[in-house]
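Subject: Structure for you to look at

Hello,

Here is the structure I promised to pass on. Please open it first, then read my notes beside it.

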Amino acid sequence: MDTGLLVLRLVAGLLIAGHGVQKVSFRLGGNGLAGGTEEFRHDGFRGGRLTALAAGGSQIGAGLFLAAGLLTPMAAMAAMGVMTVAGTVKWHNGLWVQNDGYEYPMVLVIASAVLALTGPGRWSADHVIGLTPWPLWVCLAAIVIGPASGLLTRAVLRRPPAPGRRTPHVQAAD
């Protein structure tokens with residue numbers, strides 16, 4: 001079981017961190033901070049550069065903490081939050097990723113929730129420093145607060161379309 005949790009943590013965490021790197025740099029196929037800023041504007045967010053930095057930083061931090069198994073419920077909560085926002089961007093395209101749907105963000109939200117519930121396993125920073133097992137109420141709170149914070153973020157940062165103008169559909173990286 002510990003080996004499976006390690007693999008899940010590493011894959012999900014590093015993919016989430018990679019998404020963040022793409023938002024703020026030219027690494028991993030990213031378009032730099034200017035490209036990340038423009039992506040958020042096209043996806044209907046206000047805040048521009050600050051929004052891209054916050055999202056990218058949150059994804060990098062949450063992903064690396066999740067991969068390390070450090071403060072796992074909180075890392076999972078942050079990962080679920082940012083990936084819920086990504087899912088809201090793709091919601092109108094339906095489920096499947098071949099139609100630019102929300103399938104991929106949903107898988108990362110679920111993987112993060114599973115890690116919050118199961119704990120990070122023996123081969124984790126949490127285990128090494130004696131933070132496991134986490135109380136169930138902490139894990140459940142993380143699973144509720146993470147997606148809820150993502151939905152709240154989307155609502156607060158949503159830029160309404162100009163009067164009489166529809167928002168064009170733009171495919172986004174996440």
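Start with Asp2. Its relative accessibility is 17%, so Asp2 counts as buried. Asp2 forms a salt bridge with Arg122, and the closest N and O atoms are 2.8 Å apart. This pair links distant parts of the chain. Asp2 sits in helix H1, while Arg122 sits in the loop between H5 and helix H6 (125-128), 120 residues apart. Arg122 has 47% relative accessibility, so Arg122 counts as partly exposed.

A word of caution before going on. This is a predicted model. The mean pLDDT of the chain is 90, and 92% of its residues reach 70 or more. Look out for residues 170-174, where the pLDDT is below 50. In the model that stretch still has 19 contacts beyond near neighbours in sequence.

**Salt bridges**

How many salt bridges does a search of the whole structure find? It finds three.

Next, take Glu39 and Lys23. Their side chains meet in a salt bridge, at 3.7 Å from N to O. Glu39 lies in helix H2 (residues 32-42) and Lys23 in helix H1, so the pair ties together parts 16 residues apart in sequence. Is Lys23 buried or exposed? Lys23 is buried, with a relative accessible area of 2%. Glu39 counts as buried too, at 17% relative accessibility.

Then there is Lys90 with Asp100. Their salt bridge is 2.4 Å, N to O. Lys90 is in helix H4, and Asp100 is in the loop between H4 and H5, 10 residues apart. Lys90 counts as buried at 5% relative accessibility. Asp100 counts as buried at 13%.

**The cores**

In soluble globular proteins, nonpolar side chains tend to be buried together. In this model, the largest nonpolar core has 18 residues. Those with the most contacts inside it are Ile16, Leu66, Ala76, Ala79, Met80, Met83 and Leu108. Which elements give two or more residues to this core? They are helix H1 (2-24), helix H3 (48-68), helix H4 (72-90) and helix H5 (103-118). H4 gives the most, with seven residues.

A second, separate core has seven residues. Phe40, Ala52, Ala55 and Val85 are among them.

Now click on Leu66. Leaving out residues up to four places away in sequence, Leu66 touches Arg9, Gly13, Ile16, Thr72, Ala75, Ala76, Ala79, Ser112 and Leu115.

**Helix H3**

H3 deserves a slow look. At 1.5 Å a residue, its 21 residues should span 30 Å. Its end C-alpha atoms are 30 Å apart, which agrees.

Which residues of H3 are buried? They are Gly48, Thr51, Ala52, Ala55, Gly56, Gln59, Ala62, Gly63, Leu66 and Ala67. They cover an arc of only 140 degrees around the axis, which puts them on the same side of H3. Check the spacing of the numbers as you read them. An α-helix has 3.6 residues a turn, so residues three or four places apart point the same way.

What do the buried residues of H3 pack against? They pack against H1, H2, H4, H5 and helix H7 (136-157). Turn to the face of H3 that points away from its buried side. That face carries the exposed residues Arg49 and Leu50. Just after H3, Gly69 takes a positive phi of about 70 degrees.

Best wishes

Notes:
Residues are numbered from 1 along each chain as its sequence is written. This is a predicted model: local features need pLDDT of at least 70, side-chain atom pairs count only at pLDDT 80 or more; totals for chains, interfaces and linings use all residues. Side-chain values use heavy atoms; hydrogens and water are left out. A nonpolar core is a set of buried Ala, Val, Leu, Ile, Met, Phe, Trp, Tyr and Cys residues joined through side-chain atoms within 4.5 Å. Buried means under 20% relative accessible area, exposed over 50%, partly exposed in between (1.4 Å probe, protein chains only). Helices (H or I, at least four residues) and strands (E, at least two) are DSSP runs, numbered from the N terminus. Contact means heavy atoms within 4.5 Å. A salt bridge is a side-chain nitrogen of Lys or Arg within 4 Å of a carboxyl oxygen of Asp or Glu. pLDDT is the predictor's confidence in each residue, from 0 to 100. The expected span of a helix is 1.5 Å times one less than its number of residues. The arc is that of the directions from the helix axis to the C-beta atoms.
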